[in-house]
Amino acid sequence: MNPQVNYRVLALACLIISIGQLSMGLVFPSLPWIAKDFDITLDQAQLLVSVYLFGFGPSQFIYGPVSDSLGRKRVLLFGLFIALAGLISITLFHDSFEALVLGRLLQGIGTGCCAVLARATIRDSHSGDHLAKALGYIAMAASVTPLFAPVIGGFINHHFGC
């Protein structure tokens, strides 16, 4: 344990925890266009948010214990690989709403590792008052990212969407 705050580890943990938050929030502004493109209702398009959270939440119960036994880096890379597989399935089968739903589920399952492993990494590398300070920064990153994610998603949709 380091006697001071390791800002390099802290910055990496803030980036990791932001991945899961960004993945969820980027899609919000695009839901009306997704509904229009797939000729579905807005309620059906909102399934993309629900199915993401359905994968994101429960997967955290798996990533924590597995990362304790196999190591943080290996589990983080595996989770990000699952999220990337979800993104690839979305892009490859972009004409199918069902493939979009499946891709969002995979993204949720994959990015569930980010919420767990960012905090675990901080707990591994800090102690005492420095742990409380570092976890405060993690909490700020987790709180601020959902504010910016829809803005970034709207910008992407406006400039690169249809």
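**Entry 1: terms and ground rules**

I begin with the term helix: helices are DSSP runs of H or I with at least four residues, strands are runs of E with at least two, and both are numbered from the N terminus. With that settled, I looked up Leu100 and found that it lies in helix 6.

I note that this is a predicted model, in which local features need pLDDT of at least 70 and side-chain atom pairs count only at pLDDT 80 or more, while totals for chains, interfaces and linings use all residues. Residues are numbered from 1 along each chain as its sequence is written, and side-chain values use heavy atoms, with hydrogens and water left out.

**Entry 2: the whole protein**

I counted the secondary structure and got seven helices and zero strands, so that my note of the pattern along the sequence reads α-α-α-α-α-α-α. I then looked up the box filled by the C-alpha atoms, which is roughly 55 × 30 × 20 Å along the principal axes.

Next I turned to burial, where buried means under 20% relative accessible area, exposed means over 50%, and partly exposed is in between, with a 1.4 Å probe and protein chains only. Of the 162 residues of the protein, 41% count as buried. I also looked up contacts (heavy atoms within 4.5 Å), and among those with a separation of 6 or more, residues 24 or more positions apart account for 76%.

**Entry 3: helix 1**

Helix 1 has 19 residues and reaches 26 Å from its first C-alpha to its last, close to the 27 Å expected. I also checked for a bend, taken as the angle between axes fitted to the seven residues ending at a position and the seven starting there, and helix 1 bends by about 25 degrees at Ile19.

I listed the buried residues of helix 1, which include Leu10, Ile17, Ser18, Gln21 and Met24; the elements that cover these buried residues include helix 4 (47–70), helix 5, helix 6 and helix 7.

Is Ser18 buried or exposed? Ser18 counts as buried because its relative accessibility is 13%, and, not counting residues up to four places away in sequence, Ser18 touches Ala141 and Thr145. Gln21, also found in helix 1, counts as buried because its relative accessibility is 16%. Leaving aside neighbours within four places in sequence, I found Gln21 in contact with Ala142, Thr145, Pro146 and Ala149.

**Entry 4: helix 6 and the cores**

Helix 6 (residues 97–125) has 29 residues and reaches 43 Å from its first C-alpha to its last, close to the 42 Å expected. I noted a kink of about 25 degrees in helix 6, centred on Val116.

I then looked up the nonpolar cores, each a set of buried Ala, Val, Leu, Ile, Met, Phe, Trp, Tyr and Cys residues joined through side-chain atoms within 4.5 Å. Which residues touch the most other members of the largest nonpolar core? Of its 21 residues, they are Leu10, Ile17, Cys113, Leu117, Ile122 and Ile138. The elements that give two or more residues to this core are helix 1, helix 5 (72–92), helix 6 and helix 7 (128–160), and helix 6 gives the most, with six residues. Apart from this core lies another, of 13 residues, among them Ala35, Val51, Phe97 and Leu100.

I wrote down what a pocket is: on a 1 Å grid over the protein atoms alone, an open set of points where a 1.4 Å probe fits, with protein on both sides within 12 Å along at least five of seven lines, and with lining residues having an atom within 4 Å of a point. A volume is the space filled by probe spheres set on the points, which are joined across faces, edges and corners.

The largest pocket has a volume of about 840 Å³ and is lined by 27 residues, of which Val27, Ser30, Ile34, Ile90 and Leu100 lie nearest its centre. Helix 1, helix 2 (31–38), helix 5, helix 6 and helix 7 each give two or more residues to the lining of this pocket.

I returned to Leu100, which is buried, with a relative accessible area of 13%. Leaving aside neighbours within four places in sequence, Leu100 is in contact with Ile34, Phe38, Leu48 and Ile90.

**Entry 5: Asp39**

Last, I looked up Asp39, which is found in the loop between helix 2 and helix 3 (42–45). Asp39 has a positive phi of about 55 degrees although it is not a glycine, and Asp39 counts as exposed because its relative accessibility is 71%.

Methods:
The expected span of a helix is 1.5 Å times one less than its number of residues.
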